[in-house]
Amino acid sequence: MIVMPDDVAVDPCDDCEACEWPQAVAWEQWVMGGSALLFLLSGWRAIKRNRPRWLPVWLAGLLGWATIPKYFICARCENYGKSCDFFYGGRYAARLFKKSDKEFNAAGYLAEGSTLGIFQFLPVIAARRDFKALTFYGLAAALFQTALVKFCCIDCVRYARDPWKAAYCPTWKMVVKLRIAAPEND
């Protein structure tokens with residue numbers, strides 16, 4: 001925010017095309033989608049080979065993550081209804097939920113963390129003695145996380161104006177701390 005001499009606060013990004021959050025780029029979404037598919041298949045494989053009875057729990061975590069946090073996070077995001085970088089998540093959330101003006105709270109953090117924890121860490125636990133499956137899963141996870149940071153998180157750090165993102169998102173904090181990107185509004 002810039003304060004003008006007549007005490008009128010002006011946001012430098014209000015009328016600036018360059019400050020607008022860019023929409024998702026199709027080829028980036030394809031790359032991220034491919035890496036996500038590889039990540040999911042490697043998790044499926046790790047559980048199927050080592051703890052097949054855990055598959056329903058893992059699938060419930062995945063389904064939960066694909067829905068519940070979208071209400072608590074995406075429906076409150078400034079990119080709601082738009083083609084955001086996270087798998088066009090703003091449009092996806094708009095199909096599931098009405099826009100929410102509620103503040104981000106612990107429920108969103110809990111919903112994201114618990115569902116993400118189930119589907120991301122069950123394969124690691126299941127494959128802890130299967131070096132091949134664990135290595136494949138680890139490499140797929142690293143590839144996906146790299147694509148996620150490159151194609152989503154950097155833009156989020158640069159363009160987001162929702163204060164709760166900087167306050168709560170661990171990836172936001174990592175990107176800023178590692179100096180990969182910085183908010184443009186500062």
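How close do the axes of helix H5 and helix H6 come, and at what angle do they cross?

Author: This is a predicted model, in which local features need pLDDT of at least 70 and side-chain atom pairs count only at pLDDT 80 or more, while totals for chains, interfaces and linings use all residues. Residues are numbered from 1 along each chain as its sequence is written, and side-chain values use heavy atoms, with hydrogens and water left out.

Helices here are DSSP runs (H or I, at least four residues), numbered from the N terminus. The axes of H5 (residues 106-126) and H6 (residues 131-159) come within 9 Å and cross at roughly 155°; axes are lines fitted to C-alpha atoms over the stretch in contact, and angles run from 0 to 180 degrees between N-to-C directions. H5 and H6 are therefore roughly antiparallel (an angle over 145 degrees). In contact terms (heavy atoms within 4.5 Å), Phe 119, Gln 120, Pro 123 and Val 124 of H5 meet Leu 134, Tyr 137 and Gln 145 of H6. By class, that contact has 5 nonpolar, 2 polar and no charged residues (Ala, Val, Leu, Ile, Met, Phe, Trp, Tyr, Cys and Pro count as nonpolar, Asp, Glu, Lys and Arg as charged, the others, Gly among them, as polar).

H6 also packs with H1, at an angle of about 155° and with the axes 8 Å apart. That makes H1 roughly antiparallel to H6. The contact of H1 with H6 has 18 nonpolar, 4 polar and 4 charged residues.

Technical notes. Helix = DSSP H or I, 4+ residues; strand = E, 2+ residues; numbered from the N terminus. Parallel < 35°, antiparallel > 145°, perpendicular 65-115°, else oblique.
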